[in-house]
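Keep the 3D view open as you read.

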Amino acid sequence: MPEPATPQLLLAPDAETAWQLAARPWLERGRGSLSRRLVVVPTRGQALVWKQRCVRARLPLLGVEFITPGLARRKWLPLLAPERPVLGKEFLLLGLRGIIAARLEDGRAAGADDDALAVWRSLRSDPERALQALDDLAQAGFDPAAAAPRRELAILGAELRRWTEALGHAHGPAQAIAAATEPLPPGTAPLADDVLVLGLGPENANEFFNVAALLRRAARATVVLPAPALRGAAEADSAGEITERPDEAWVTRWEKFLGVPALPLAPDAEPAPLAPDATIEPELLLAAHRRAEAELIVDRVRRWIAEDAADEDDIAVVFPGPGPLHRLVSARLRALGLPHHDLVGRVAAPPVDTQLLRGVIAFWAKGGRLDEVLALWPRLHALNLAELSADYGAFRREIDERFHTTCDHSLAAAVALDTPPPAAAAPATATERDPDAPLSAREKRSAASADLHRLASALLPAWEPRLSLADAASRLRAVATAWGLTLPEGFATLDAFAKKDSTLWPRDALAETLLAFLPETVPAEEPAPHAGRFARLVLTTRRRAEGAPWGRVLLAQANAGEWPRRRDPNPWLDDAARLALNRGGRGAAPLLTSEDAAALERAGYAALAASVRRPGGLAYSASAADEADPDRPLAPNSVLERLLWARGERRPQEALARLARELPAPAPSAPAPAPALDAWRAVRAARRDPEKPFDENFLCIDLTTTADSADSTAAATAPLPASLSPSTLEKAVADPAVLWFRGLLRIEPARREPLERALALRRGQIAHRLLADAVRPPGARDGEWGPLKLEVQARALLEDGLARERAAFPAGQWYWEAEQGRLEALARALLRRFYATGEGDYVCVECWLPEKARLTLPGWEIPVRGRIDVARSNRPHWDDAIVHVYDYKSGAAEKALDAQKMAERAESLQLALYLDAVRSLGVARATIWKLTADEASPLDSTELDQALAALPRLMEAMRAGRYGALTPDRNPHGGREPWTWPLACTPIPARDLKAKYARTFAGAADADPTSEEGNDD
């Protein structure tokens, strides 16, 4: 090829032709001389493949640099006269969000109705696509303020431009257009001696001016573009006009810029003939699931490499993007030690410091909520930051209690309950307590409260609704310094911008800006053995593979919904508006529609498939199912459907399922240590077998380890709970697993669900507290007996307490007004029913059961712990007294006490247990009352035997150490504190548990409180 004196514009039908007739001669032209030469390719993926081809062809690359359009901009930008810097996308989005928020506030202040503000609300929820629409207009040479199809978008474009220029920044697309079209100053030295643009297609239209500005500053230029596909009959648009397709318009655009016509490379050349027995029919790798598909891909690639070890052509495995299949293939190749390049782009979790700082920003952005504190606490505790000392369960219980007291999600309201804040508990010395001994409940609560205040001191005050970027960044730096966290390097850019901008931004807009500098994912580093090496095998995407020369291509994941992708139009600049602007001819370049983008993607995949001329060098892979959703069958995409139709299949989806292959059989290996594995399999099978009773591997104590000891009596005795609460026993009747975990192991479930307002719970807690203050004898503390007040005195004290509760909330809030009304009605009704029932002149409130309280069953007494709301007696003590015990219930669905239902369904069984415990204190007669706003129902000692009929079986289970379980199936709509299995345990269906329970305990099925017959209501 003779050396060109003017720019050349060449059209290549495929990458191999571009290499043989354009790229290789261009590179050889510089042999023996040192000059500045640049090769512009669409992506870094193409740069890698082209450089590998040059190395194998032994072409000199001294002085040759492969760059992308983004790097091309960095080449010419410093050569311009001093210009204002261009704002990054993060700051443009900040300005856009601020403008939208200001428009909404102005509209509300002016009394605009909801319909007038609807578009601005939509823009607030989708600013990214609005900014993309403005960028598309600017990169095509349109003025967004004049060309935007919607008035609101035009306002945004104009105000965003004014805001950018007022801060001293330039508009990026306008800067590139000016650099590509305005005359150069006289005497401008060339930036490069020669530039080759290789393989840029119409999908790179937004980079046109960046590359064009580079070419204007080069001594020589050669542009090699993909040749447009042959066009058949002329196609007209909806207006009846015949328009150029995107690939044709792309060539026309370059012809106008370079001022030369496009010349085809080798217009008369014909494809090289295949061997007589060769075929270009693609191979179909159809797998039963993704893991099998990954194995088939790896196996196909290994066979390709083994078939022609001397071949130096590159092999491309093309994925639609990062995902499970790509990770499986990449991991398998690394395990095999097969050299390859991974250009798909694996992602990894950011550093722990970044994750913590993102959690801090989420806390501020959402108004300083307790839910975000709960999300932060486990990671801070695990990393030993912020000096946290409590365990998660205690911390969660502290949060729950404070939240239900205030019914406020804010951290500030939770810590305001302590005045003054509690001091951190000093660590106990070895002489005070055993450091290995477990903390008491009081110590746990003190530690949890101290943790809460430590976090509040670092995180409060929360962000105001509006604040400056400098304030937000300084707050984040203060927290990072206090906890020893490292901020990303990009924060220097944010600090530089914050110094120039003093605007008070909405806090949600600032949060999005800060989060943009703390990425949720980061690129995974390439394994060290593969970094910086050449390898034939390349894992890539369609955009990074298209236009590069390949020997063999495997198009992976050919399932519907994977590729080609569905392209949705941008709602702020839809296809109709783009076509109208293109017909107007006022732009520097046409705007691509969603249909154009979809057509270019389909053409790109077709070009990759057509570029393979080696027999057996093309393959497609697909799965019939996905492990993540095994119940949903996968369908073939449109390309695979046509291939299956060509092979005589009339139902492609059924054919995919029928032809799918499982994983190849694994190669025989040395036998693994199977005894332990076989033993565990036997344990697991027995646990899930409904025909087998509960054994020592299922919530049962294994007594066989002590059966051979000298003391046979001790060997046959199972350890018993030290004491039990009535609530635990009530839950244990419904599910003995509760007794195993709470009663024997003394562990409690830690809640993980978000905080939700439980007004009935709050109402009950406040009512209990107010009633205790109203009834408590003068000078008496909790648990002390004293004379009973007159009802009028108690009512006056109750009204004073209700008045204080009402004053605690601002007036005029109907939500809290209604709740206060319900609280007042409940408290007054409960007090009235207390004085209307029972007898005795002495009372004791908030009374913990004495240590000698026992649950008395035939042949066994169990210590019982618990607290009574209020007790009334004819004597100021328990001995030989006539006692009435009261339990306040605030629920609307509470039912009257019924001994039969207590035995059958464990309904209010804990009240019967309280009554039995009180009876063990030596009282003459005892009655327990269940007080609700609607009624007062009693249960006396004569009904206890019937009410406690379900307990002997539970007691026998404790004696034998065989607890078992009746845990219901997991249900996301359970109660406030559902008992769930630990995550390490495999859930077992409730029907299997019932069968095992019946086989373990004789007659258990007749008294099963979880049966459907016992829970009709």
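The largest nonpolar core holds 83 residues, and Leu455, Trp463, Leu469, Leu476 and Trp483 have the most contacts inside it. Such a core is a set of buried Ala, Val, Leu, Ile, Met, Phe, Trp, Tyr and Cys residues joined through side-chain atoms within 4.5 Å; buried means under 20% relative accessible area, exposed over 50% and partly exposed in between, with a 1.4 Å probe and protein chains only. Helix α4 (residues 89-109) supplies the largest share of this core, eight residues. Apart from it lies another core of 64 residues, including Ile868, Ala871, Met958 and Leu966. In soluble globular proteins, nonpolar side chains tend to be buried together.

This is a predicted model, in which local features need pLDDT of at least 70 and side-chain atom pairs count only at pLDDT 80 or more, while totals for chains, interfaces and linings use all residues. Residues are numbered from 1 along each chain as its sequence is written, and side-chain values use heavy atoms, leaving out hydrogens and water.

Now turn to strand β16 (residues 618-623): six of its six residues are buried, so the rest of the structure largely encloses it. Helices (H or I, at least four residues) and strands (E, at least two) are DSSP runs, numbered from the N terminus. Leu618, Tyr620 and Ala622 point one way from β16, while Ala619, Ser621 and Ser623 point the other way. In a regular strand the side chains alternate between the two faces of the sheet.

Which strands pair with β16? Strand β7 (residues 283-287) runs parallel to β16, joined by five bridges, with Glu283 partnering Ala619. Strand β15 (residues 552-555) also pairs with β16 in the parallel sense, over three bridges, and Leu555 has Tyr620 as its bridge partner. Pairing here requires at least two DSSP bridges between two strands.
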